[in-house]
Amino acid sequence: GSEFPVWVMDWMSNTNPLAEPVPTSIHKEGDLPMEYWYTEPLRLKEQLGVPLGYHVYNWHWIPFNNDYPHYLPAKKEFCEDVQTLRKAGVRVMPYINARLWDTLDHEDQDWQFSSRARAWATKDADGNLFTEKYESHEPDGSLCELAAMCPSSGVWKNQMADVLDGLFHTIGVDGVYMDQIAAAAPYLCEDPAHNHLPGGGSWWTQQYNLLVRRSRQVRGEDGILTTEDNAEVYMKAMDGFLTWIWTFDNLVPAFPVLYSGYVMMFGRSTNGIKKGDEIFLRYETAEQFVFGGQLGWLNADVSRRPSEVSFLRMMSQMRYRYAPFFYKGEALRPAKLTTNRPDRLTKPAYYDSRLFCARQVLTGTWRLWDGSRTVMFIVNCDSEPAQFTAETEGSQAVVADGSGSISSVYIKEGQLVIHGEVSPESCLVIEL
């Protein structure tokens, strides 16, 4: 997983007649032909020319956000076509939710919730369940009510392990995405029958880490486990964090500076309302790259937008060639960069409608842990050549890769000053 350059996020069509028309929480509009779920990622993989990670939703017969955690059996088509993807170099990572049990867990019936799960769900001091509702509905039109399970529960740990056992050893996937663990705040569970002190405390994160370690025992040595967002308290157990929400302006790479090489950071959301926003896609891809993250987490139909896939191919191939810098290297302070390319306006993917300025030329500097190599990446998102001046630490600089040139290099006031040009929609790699 450490060397993956790029990820796609997509889903299988709804075949269960009780499923919602779309899983609206991931902004899907309409169903596509059943074979799309694997033919489109294969098409994109060929266009990019690098290994592809595939985060797949809706692979289970039960509807999305409904009848959890009874994910198995999987859809017949999923079981049949997973190996087609894997043989082509696409690594498959299905979605599950690692927190929630539907209180009506077989269509409109309480099948196993009361008999197996209720005792081990989170509760307040009065014994009321902590529940959550999303945009999924029961057959009568009411919203599904999903109970947040207590991570201290052996029942819940074993339930998760059983699902992973089926996915890894029966179906043969490469990883499993365990949703919400590093994204959702703890509930202050006060059930006196549970194996933890009532209310808050370190027990919540400790028990989730034990749950993931239990899942890792089932997984074996060849698969990865990932989760949503990037709470570092779960890093000791998880292989990867989905950084989908890092889509705002004025970000600094504090988290990657600290933790690159210790956990994978993959993906930014460019789907939904942002699909087709080329300014946004290029900026987020470039910033994720210079921050050291794995690229993408976009729908496979980007393969139908030639200009976008061209930029993504260039960045993905660069990310693949320089992967060791990001999983056995460290980020250094980026160069002070000035350029003749003006900012472009765009806006975030979620929660905020304010415009922000998308810089068209971005830079980051990375050094291998053994100190043997240091490289500076300069990415030009613009469709015109970018003239640049970079001021950084170092004594000399040479072009190592990419498209562009250096016109002069000199020392000024203890800083290495580099003048040069980066070609349109390209990345220039300078060895320091």
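Guide: A salt bridge is a side-chain nitrogen of Lys or Arg within 4 Å of a carboxyl oxygen of Asp or Glu. Side chains of opposite charge can pair when their charged atoms come close. Please note that this is a predicted model, in which local features need pLDDT of at least 70 and side-chain atom pairs count only at pLDDT 80 or more, while totals for chains, interfaces and linings use all residues. Residues are numbered from 1 along each chain as its sequence is written, and side-chain values use heavy atoms, with hydrogens and water left out.

Visitor: How many salt bridges does a search of the whole structure find?

Guide: The search finds 21 salt bridges. One of them joins the side chains of Arg 268 and Glu 284, with 2.7 Å from N to O. This pair links distant parts of the chain, 16 residues apart: Arg 268 is in the loop between strand S10 (264-266) and H7, and Glu 284 is in helix H7. Helices (H or I, at least four residues) and strands (E, at least two) are DSSP runs, numbered from the N terminus.

Visitor: Are Arg 268 and Glu 284 buried or exposed?

Guide: Buried means under 20% relative accessible area, exposed over 50%, and partly exposed in between, with a 1.4 Å probe and protein chains only. Both Arg 268 and Glu 284 are buried.

Visitor: Which residues are linked with Arg 268 and Glu 284 in a network of salt bridges?

Guide: The network also includes Glu 287 and Arg 359. Between Arg 359 and Glu 287, the closest N and O atoms are 3.7 Å apart. Glu 287 counts as buried because its relative accessibility is 1%, whereas Arg 359, at 36%, counts as partly exposed.

Visitor: How does one describe the packing of helix H7 and helix H8?

Guide: Helix H7 (residues 278-290) and helix H8 (residues 306-321) pack at about 5°, their axes 10 Å apart. H7 is therefore roughly parallel to H8, a term for angles under 35 degrees. Among the residues that meet are Leu 281 and Phe 289 in H7, and Phe 311 and Met 315 in H8.

Conventions: Axes are lines fitted to C-alpha atoms, for helices over the stretch in contact, and angles run from 0 to 180 degrees between N-to-C directions. Angles under 35 degrees count as roughly parallel, over 145 as roughly antiparallel, 65 to 115 as roughly perpendicular and the rest as oblique. Contact means heavy atoms within 4.5 Å.
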